[in-house]
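I opened this model to see how its parts sit together. These are my notes, in the order I went through it.

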Amino acid sequence: MRVLVAGGAGYIGSVVTAALLADGHEVTVLDDLSTGHADAVPPGATLAQVSLHDSAPVLAEVRPDAVLHFAARSLVAVSQQQPEDYWSTNVGGSLALLEAMRAAGCHRIVFSSTAATYGEPDRVPIREDAPTRPTNTYGASKLAVDHMLTSYAVAHGFAAVSLRYFNVAGAAFGLGERHTTETHLVPLALQVAAGQRESLTVYGRDYPTPDGTCIRDYVHVGDLSDAHLLALPAPSPGEHRIYNLGNGTGFSVQEVVDAAREVTGHDIPTVDGPRRPGDPAQLVASSELIRAELGWAPRHTDLVGIVRDAWLVARPR
């Protein structure tokens, strides 16, 4: 299959690109490299360095059978400060991509959505039928694209899947997280162990959880990649499916710190900070739907193992 991966020079996109190549697909990566890295594009894939807004000529030339769409701005705090960038890229860029797909005769897409579409949940674990009430522009922009895909499926016969991720961690195919502005807990902890930061801030120790710190669901990037390959052929024309992707087990901030200490052998000093506004005590996914319909199941369920895989890539050489 000829597959175009939008955002394939980023963390998740590059891992999925490597998995597609290993599965025998022909892959073109479309990425403007504003946050991605050219050297993260796996050998064997073709890189087109253009933005989503300028994707039409690439789609016309490649004529892909399917698109996997990872390209987005994804910093929650920045989305509140610069919402125009998020509406322009995440929504406007996605619309341009869908129109480029239509013009190229490509109607199959897997979209990288997010658990941020749900906002603060009424109950945990979160199911796909939970209310969508995003609390930030990032989540709202992703939800807008989910709605866009539903309408394109109905009106234009698109076969679409939205995968709503929770916290992605780990590494696969030698590819790990490498963000200019890092906000994710696992890489931040590993940066302290690598001597790139003095300490790690723990935001809130008074939550109603066993150790007082927030609980989040961590899914290994390799398991996430498996889900994309399963989702690619799944929907029929005119169908838009939505699946949550998570480990199904929550780990607290303190448990992540302890796992990083065990893996790296480093003390990883922490500094206590106040709760961040809008941070729920617990966010855990129910992935029962994708398990039942596509047969997906996470292979990496041990937190120490997930952190160890990330450290193998992130540790100083």
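**Helix H7 and what is buried**

I began with helix H7, where the buried residues are Val-221, Gly-222, Asp-223, Leu-224, Ser-225, Ala-227, His-228 and Ala-231. I call a residue buried under 20% relative accessible area, exposed over 50% and partly exposed in between, with a 1.4 Å probe and protein chains only. Eight of the 11 residues of H7 (residues 221-231) are buried, so this helix is largely enclosed by the rest of the structure. Helices (H or I, at least four residues) and strands (E, at least two) are DSSP runs, numbered from the N terminus.

I have to keep in mind that this is a predicted model, in which local features need pLDDT of at least 70, side-chain atom pairs count only at pLDDT 80 or more, and totals for chains, interfaces and linings use all residues. Residues are numbered from 1 along each chain as its sequence is written, and side-chain values use heavy atoms, with hydrogens and water left out.

**The sheet**

Next I looked up the strand order. I found an open sheet of seven strands, S3-S2-S1-S4-S5-S6-S10, with parallel pairing; two strands pair if DSSP finds at least two bridges between them. S3 (46-48) and S10 (240-245) stand at the edges with a single partner strand each, so one side of each has no neighbour in the sheet. On average, neighbouring strands here are turned by 20° against each other, direction ignored.

I then checked S4 (residues 66-69) and S5 (residues 108-114), which run parallel and are joined by three bridges. Val-67 stands opposite Ile-109 in S5. Helix H4 (residues 83-104) lies across S1 (2-6), S4 and S5, at about 170° to S4. Such angles run from 0 to 180 degrees between N-to-C directions, and the axes are lines fitted to C-alpha atoms, for helices over the stretch in contact.

Ala-6 is in S1 and is buried, with a relative accessible area of 0%. Leaving out residues up to four places away in sequence, Ala-6 touches Leu-30, Leu-52, Leu-68, His-69, Phe-70, Ala-71 and Leu-97; contact means heavy atoms within 4.5 Å.

**Helix H8 and the residues after it**

What does H8 pack against with its buried residues? I noted helix H6 (185-193), strands S8 (200-203), S9 (215-220), S11 (250-252) and S12 (270-273), and helix H10 (303-314). Among the buried residues of H8 are Val-253, Val-256, Ala-260 and Val-263.

Just after H8, Gly-265 takes a positive phi of about 75°. Ile-268, in the loop between H8 and S12, has a positive phi of about 50° although it is not a glycine. Ile-268 is buried, with a relative accessible area of 0%.

**Other backbone spots**

Arg-63 also has a positive phi, near 50°, and lies in the loop between helix H2 (56-62) and S4. Arg-63 is partly exposed, at 40% relative accessible area. I marked a cis peptide bond between Val-124 and Pro-125, with omega about 0°. Pro-125 lies in the loop between S5 and helix H5 (137-156).

**Rings**

Last, I looked at a ring with a charge over it. The charged end of Arg-275 sits over the ring of Tyr-207, 4.0 Å from its centre; the rule is NZ of Lys or CZ of Arg within 6 Å of the ring centre and within 35 degrees of the ring normal.
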